[in-house]
Amino acid sequence: MTFEFNDQDRRFMQRAMELASHAEHEGEVPVGAVLVKDGQIIAEVGISRLVITMRQPTRRCK
């Protein structure tokens with residue numbers, strides 16, 4: 001099975017990579033994620049010390 005990414009997919013992936021890069025610069029694991037619905041980002045997250053410190057695991061991306 002082959003999947004081809006379009007420009008919109010690339011834009012969403014780029015945003016996830018930006019979030020991961022930000023986490024890496026903070027000394028964290030470089031993880032970022034975006035949640036998309038109907039072509040719009042409705043949520044985004046990157047691992048950060050704030051999320052871990054707040055002990056809110058539901059705010060972490062997996």
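## Helix 1: length and faces

Helix 1 covers residues 7–25, 19 residues in total; at 1.5 Å a residue it should span 27 Å, and its end C-alpha atoms are 27 Å apart, which agrees. The expected span is 1.5 Å times one less than the number of residues. Helices (H or I, at least four residues) and strands (E, at least two) are DSSP runs, numbered from the N terminus.

This is a predicted model: local features need pLDDT of at least 70, side-chain atom pairs count only at pLDDT 80 or more, and totals for chains, interfaces and linings use all residues. Residues are numbered from 1 along each chain as its sequence is written, and side-chain values use heavy atoms, with hydrogens and water left out.

Which residues of helix 1 are buried? They are Phe12, Ala16, Leu19, Ala20 and Ala23. These residues cover an arc of only 100° around the axis, which puts them on the same side of helix 1. The arc is that of the directions from the helix axis to the C-beta atoms. An α-helix has 3.6 residues a turn, so residues three or four places apart point the same way.

Asp7 and His25 are exposed, on the other side of helix 1. Buried means under 20% relative accessible area, exposed over 50%, and partly exposed in between (1.4 Å probe, protein chains only). The cover over the buried residues of helix 1 includes strand 1 (32–37) and strand 2 (40–46).

## The two ends of helix 1

Asn6 sits in the segment before helix 1. At the start of the helix, a side-chain oxygen of Asn6 comes within 3.0 Å of the backbone nitrogen of Gln8. The Asn6 side chain also reaches the backbone nitrogen of Asp9, at 2.7 Å. A polar contact is a pair of N or O atoms within 3.5 Å; within protein, one must be able to donate a hydrogen and the other to accept it, and residues adjacent in sequence count only if both atoms are side-chain atoms. Asn6 has a relative accessible area of 39%, so it is partly exposed.

After helix 1 comes Gly27, with a positive phi near 85°. Gly27 lies in the loop between helix 1 and strand 1. Its relative accessibility is 55%, so Gly27 counts as exposed.

## The loop between the strands

Where is Asp38 found? Asp38 is in the loop between strand 1 and strand 2. Its phi is positive, near 55°, although Asp38 is not a glycine. Most residues other than glycine have a negative phi. Asp38 is exposed, with a relative accessible area of 71%.

## An aromatic pair

The count is 1 aromatic pair. Phe3 and Phe5 form this pair, which is edge-to-face: 5.2 Å centre to centre, with 85° between the planes. Rings of Phe, Tyr and Trp (its six-membered ring) pair if their centres lie within 6.5 Å; planes under 30 degrees apart count as stacked, over 60 as edge-to-face and the rest as tilted. Phe3 counts as exposed, at 58% relative accessibility.

## The whole chain

The protein chain has 2 helices and 2 strands, in the pattern α-β-β-α along the sequence. Of its 62 residues, 19% are buried. Among contacts (heavy atoms within 4.5 Å) with a separation of 6 or more, 26% join residues 24 or more positions apart.

The chain exposes about 5,200 Å², and carbon and sulfur atoms supply 54% of it. Accessible areas come from the Shrake-Rupley method with a 1.4 Å probe; for residues, only the protein chains shown count as cover.
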